[in-house]
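The following paragraphs guide the reader through a single protein chain. Please keep the sequence and the model in view while reading.

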Amino acid sequence: MTADFRNDDSVLVARVENVLQERRSLGLEGLVGGLETVVFNVEPDRLKEAAAEFLGTTGYFFGAGYDSPDAEACVLELPGSADFLMRARKPGPNPFDAEPKGPKSAHLPHTRVETMVFLCHDLERFVALQQARGVRFLSPIIRSDSSLFIQTEPSAHSALSYGYVQWLGCGRQYHGGHFRQAEWSLAKPDRAHLRNIGIFDHASVRVRARERDNAIVEFLELTNYEYSMSVYVDNLNSITNVARLPGEPYAMVITSGLGDAVGGQVGPTEKFIENYGRRIHHLAFRTEHIQQTFAGLKAAGMDFLVELVGSPEEGLRQTFSKPLANTLMVNEYIKRYEGFDGFFTKSNVTLLTKATENQ
Ligand SMILES: [Fe+2]
């Protein structure tokens, strides 16, 4: 390893082209669709608090509670958006335990977004093709009356697991198989500003600079997503890398450093990984009437890393919350004007990236 490693988009783009070619030649193209479910594990004694926190800071509603031999869980849902399956694993083996925690995450050692689950149209074929490529899954395909499901081992590059579901009946149904419906529910807080908060727009996973290309290439190999762009913030040693799937609202954002720290300039991405371990840093939700909504969230007691920034002229308004107490997650609220598909505006990128140093 050289001491002056720097990411280079020409190297990345060449690998991306190879992936797309391989997807087509292996017959993987088109087998995987959009994001269906986000599996968000929390501590066993905090499941209800964490779910209530989510309901109180997003537009999502409580779907149903579940119990299984492995975990207690609940589904949080919003029409037109991926579900969040918030769960608390019962004592037993945890494939995510190996990922080191940091000083700011050690008190909630099992709390993380573990798995991004994508729709699959032919799971048996997909799994056979991926296994032939050497991909390792945590189990064989899990069958229930309503679905087929499988997930990869946590990634060596991003610490995320990728899951795949093939629904057998009428769409998303989590009961059957291991999950039995449980007798609890949580009320949606009746606050007007929450009705302005909409679908899940993107998540940003933070990876090490040297893992950037591997993490992006792996994500493209395991989904039908396409590499979209990389935005460099040189003075903060940060790159925001984006993958999209045409027609799908959810974008996967992979944030890394540019390269090895230069002159002690570690940057917010490396600092976050030191403090929390590799993980998803924020979940972004599309937000209407964002000024009133921001005021409503503040009035309800939410703390923010940064004020609302951007403008309609710039195409975007957005803000980041402080990490939530029960999940360590930052919520981003984002208003896109006239189809703007970026992740920050030119004038705010430094401010927003720097704001994440304050956590
Ligand atoms: Fe974001």
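A nonpolar core is a set of buried Ala, Val, Leu, Ile, Met, Phe, Trp, Tyr and Cys residues joined through C-beta atoms within 7 Å. A residue counts as buried if 20 or more other C-beta atoms lie within 10 Å of its own. In soluble globular proteins, nonpolar side chains tend to be buried together.

In this predicted model, the largest nonpolar core has 81 residues. Leu76, Met86, Phe118, Cys120 and Tyr164 are the residues with the most contacts inside this core. Strand β5 supplies the largest share of the core, namely six residues. At least three core residues come from each of domain 1 (32-182) and domain 2 (191-358).

When neighbours within four places in sequence are left aside, Cys120 is in contact with Leu31, Val32, Phe126, Tyr164, Val165 and Gln166.

The division of the chain into domains comes next. Domain 1 spans 32-182, and domain 2 spans 191-358. Their centres, taken over C-alpha atoms, are separated by 21 Å. To the contact between them, domain 1 gives 36 residues and domain 2 gives 34 residues.

Which elements give two or more residues to the side of domain 1 that touches domain 2? They are β1 (32-41), α2 (47-55) and β5 (112-120). On this side of domain 1, β1 provides the largest share, with five residues. The residues of the side of domain 1 that touches domain 2 comprise 15 nonpolar, 14 polar and seven charged.

Notes: Residues are numbered from 1 along each chain as its sequence is written. This is a predicted model: local features need pLDDT of at least 70, side-chain atom pairs count only at pLDDT 80 or more; totals for chains, interfaces and linings use all residues. Domain bounds come from an automatic or database domain assignment. Two residues are in contact if their C-beta atoms, placed from the backbone, lie within 7 Å. Helices (H or I, at least four residues) and strands (E, at least two) are DSSP runs, numbered from the N terminus. Ala, Val, Leu, Ile, Met, Phe, Trp, Tyr, Cys and Pro count as nonpolar, Asp, Glu, Lys and Arg as charged, and the others, Gly among them, as polar. A residue is buried if 20 or more other C-beta atoms lie within 10 Å of its own, exposed if 12 or fewer, and partly exposed in between; C-beta atoms are placed from the backbone.
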